[in-house]
Amino acid sequence: LLADRTIVIRSEREMITAEDARDAYIISSIRNPCALYLSLWAWGVAGHGRYNTQFAQLHKDSPVLSKVFSTSPANVSAFAAFARASAGEFSRRYRDYIPSLINVDCWVHTETVDADFPACLAAFAAQAAPHLRARLAKPGTRFGLSRNVSSYNVHGSGHGACLDYYRHDLALQQDIRRADGVLFQAFPEYGGACCSTPVTQRVARSVQTKI
């Protein structure tokens with residue numbers, strides 16, 4: 001964000017290391033796992049992403065799973081088949097890219113990004129040197145943000161409300177809560193429930209759970 005790389009945006013596939021945590025203020029994002037699987041599936045139905053290709057290849061011999069993306073975002077049964085087969089993938093990604101959650105200084109929840117991201121920048125600025133704090137806080141904006149962060153989203157996937165895909169399938173909810181239990185435990189603000197939004201804004205905290 002700044003020309004001298006004072007602020008660097010990492011790819012979601014770049015690992016956050018202990019060295020990064022030592023030398024930088026780390027801001028990362030989290031979302032309800034149940035919502036992640038819905039978004040991941042709908043993105044694949046639209047023909048985007050890498051995971052849909054990998055998933056289709058892995059399940060090419062399954063008459064059901066090989067066709068979960070060859071449908072419309074309204075196909076709840078296709079989504080359920082996909083989600084059951086993918087449960088645990090979200091936690092695996094965190095193990096690969098953020099092996100220790102305590103390396104993250106501030107968390108942005110996808111569901112409340114417009115409130116959380118400025119709060120994280122404010123927490124960062126509070127620790128920064130005065131000259132950097134002045135560069136982050138441009139007059140008339142919230143730490144340089146001229147519009148809501150959510151309006152920058154270029155990867156939105158078309159699908160219905162999250163609960164519409166889970167409401168009548170309690171077993172699927174249980175499967176995901178079990179497979180991704182480490183994330184539900186690490187982020188209790190989701191209340192351990194599918195499709196829930198954070199009940200409290202806890203963006204600057206020390207997470208004790210390691211995955």
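Of the chain's 211 residues, 40% count as buried. The model is a predicted one. The chain exposes about 11400 Å².

Next, the layout. The chain holds 10 helices and two strands. Read from the N terminus, the order of elements is α-β-α-α-α-α-β-α-α-α-α-α. Take the contacts between residues at least 6 apart: 74% of them join residues at least 24 apart.

Now follow helix 4, which spans residues 76-86. Its buried residues are Ala78, Phe79, Ala80, Ala81, Phe82, Ala83 and Ser86. What do these buried residues pack against? Their partners are helix 2 (33-45), helix 3 (51-58), helix 5 (89-97), helix 8 (162-166) and helix 9 (170-179). After helix 4 comes glycine 88. The phi of glycine 88 is positive, near 100°.

Serine 86 belongs to helix 4. Is serine 86 buried or exposed? Its relative accessible area is 2%. The cut-off for buried is under 20%, so serine 86 counts as buried. Which residues does serine 86 touch, once its neighbours within four places in sequence are left aside? Serine 86 is in contact with Tyr37, Tyr51 and Phe55. Helix 2 covers 33-45 and helix 3 covers 51-58. Both of those helices are among the partners of helix 4's buried residues.

Definitions and conventions
Residues are numbered from 1 along each chain as its sequence is written. This is a predicted model: local features need pLDDT of at least 70, side-chain atom pairs count only at pLDDT 80 or more; totals for chains, interfaces and linings use all residues. Side-chain values use heavy atoms; hydrogens and water are left out. Buried means under 20% relative accessible area, exposed over 50%, partly exposed in between (1.4 Å probe, protein chains only). Helices (H or I, at least four residues) and strands (E, at least two) are DSSP runs, numbered from the N terminus. Contact means heavy atoms within 4.5 Å. Accessible areas come from the Shrake-Rupley method with a 1.4 Å probe; for residues, only the protein chains shown count as cover.
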